[in-house]
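Opening the notebook on this one.

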Amino acid sequence: MGTLRLVLGDQLTRDISALRGLDKKRDVVLMAEVREEGTYVRHHKQKIALILSAMRHFAEALKQEGIKVDYVKLDDPGNTGSLIGELERALERHKAERAVVTEPGEWRLRATFDAWRQAHDGVFDICDDDRFFASHERFHEWAKGRKSFRMEFFYRELRRETGFLMEGDEPAGGKWNFDSDNRKALPKKLAAPERRRFAPDETSREVMALVEREFSGHFGTLDEFDWPVTREEALSALAHFIEDALPLFGDYQDAMREGEPFLFHSLLSTSLNIGLLTPREVCLAAEKAWREVHVPLNAVEGFIRQILGWREYVRGIYWLKMPDYAETNFLDAREPLPDFYWTGETKMRCISDVVTQTRDHAYSHHIQRLMVTGNFALLAGIDPKEICEWYLAVYADAFDWVELPNTHGMAIFADGGLLASKPYAASGAYISRMSNFCEGCSYDPKARAGKEPCPFNALYWAFLMRNEKKLSKNPRLAMPYRTLAKWDGKRRESIAKEAASFIEKMKEGKA
């Protein structure tokens, strides 16, 4: 027999490098559902169901092309529960001469594959994953000699190289970045578009029953499962976003509203991260909407920056700095993750709402992740390993290469500023300004009489005091530290006690 071609659950792209040059007469595609990949963290039920259903649909599409597919289901007799175990079994079954796989997106799996390849010289090839705009080598070239990294400068280089939103040698609209236009609070009467749902078909329903049976103790519910699981559904989701949500995405991408997890966001990250869509086609669709349909430039630039800029940048940081990157803890954060990150049972309305949305949809948008659950973890000093594992487990679009830098570097500043220029710390005033969470909350961000003060406020100032030696020279924190410098010892002590009291209640489950 010829080559055994292993395709992973986040590589569901027909043009993936491991499938190029496939000989339909001699080669076999191996796809395997293995328990190890569902349990190295306790992934959300919807995340597991999404990947398994999408894998089964992708395998069927390959078969329709006349490609031989060896598909191992999770509950098949003899399933070893690991990718290496299934690779070894398939090599023996098919008497294959060699095996090939596209580079996995996670360091732990790449290390596993490298070790197996070294023990089986000449049998296993690992191909580059060229679905991204920038290769590892391209990012390393850009990063060489830099003491700190900033996404904006890398993004500009990729804009020039790809031509997206360029007018000759200059950025469209005369600016590289329209972020200052994209921070509007959501008007009370503005309705978000109804999102396109994809009702589970027979394959998805079979997978959902499997997940309920085999992963019953995992976080989340399957009641609202409606993710795209095929290429056709993903393209439909893309078209829906471009037409119905993208025009106002820019203005309100930072806004939050209770009970509405989606607003004008694309919901395309799952399809991108498992390979049902490619980043190039998504960026092309957005740019076309600006050039031909006159969708506002601030919306299109803000969206393309998330993919061409931020998505490429965090992947570059991940592969440049792993595995040591995951061990950093610049702010010496040691507190345990509160139970309410799993239950949503807290009087803090913002966190309760975001955790509930996460439970029901395996999703919350990037500002909810950064400025609610991420901001709280930063201010409260939650241990980086615990909060990073939580983000990796609970979101359907979370894979280590994209989740770890976003959480570790952006949300909790555990890398000391390698990835982001400042900690994204904020008091309750920010949440009040950008959402309606504070309306009717037990806590008050303005600390009016008769209400308890919002915990984010004391935690914010206590965070600045606790980390004053490490952060006070950061120019982007100059204003709050000038305010802090005016406080006398008595006021500082009072704030520190208030924050410490809340942390103790949190640890006792009384927050």
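**Strand 4 and its neighbours**

I began with strand pairing (DSSP finds at least two bridges between two strands): strand 1 (residues 3-6) and strand 4 pair in the parallel sense over 4 bridges. Helices (H or I, at least four residues) and strands (E, at least two) are DSSP runs, numbered from the N terminus. Across that pairing I found leucine 6 opposite valine 101 in strand 4.

The model is predicted, with local features needing pLDDT of at least 70 and side-chain atom pairs pLDDT 80 or more, while totals for chains, interfaces and linings use all residues. Residues are numbered from 1 along each chain as its sequence is written, and side-chain values use heavy atoms, leaving out hydrogens and water.

Next I checked strand 5 (residues 124-127), which also pairs with strand 4 in the parallel sense, over 4 bridges. Here valine 100 faces aspartate 125 in strand 5. Between strand 4 and strand 5 the chain runs through helix 4 (residues 107-119), a right-handed β-α-β crossover (clockwise from the first strand over the helix to the second, with the strands pointing away from the viewer).

I looked up burial too: 4 of the 5 residues of strand 4 (residues 98-102) are buried (under 20% relative accessible area, 1.4 Å probe, protein chains only).

**Helix 6 against helix 11**

The axes of helix 6 (residues 151-162) and helix 11 (residues 297-321) come within 9 Å and cross at roughly 110°. That makes the two roughly perpendicular (65 to 115 degrees; axes are lines fitted to C-alpha atoms over the stretch in contact, with angles from 0 to 180 degrees between N-to-C directions).

Terms used
Angles under 35 degrees count as roughly parallel, over 145 as roughly antiparallel, 65 to 115 as roughly perpendicular and the rest as oblique. Buried means under 20% relative accessible area, exposed over 50%, partly exposed in between (1.4 Å probe, protein chains only).
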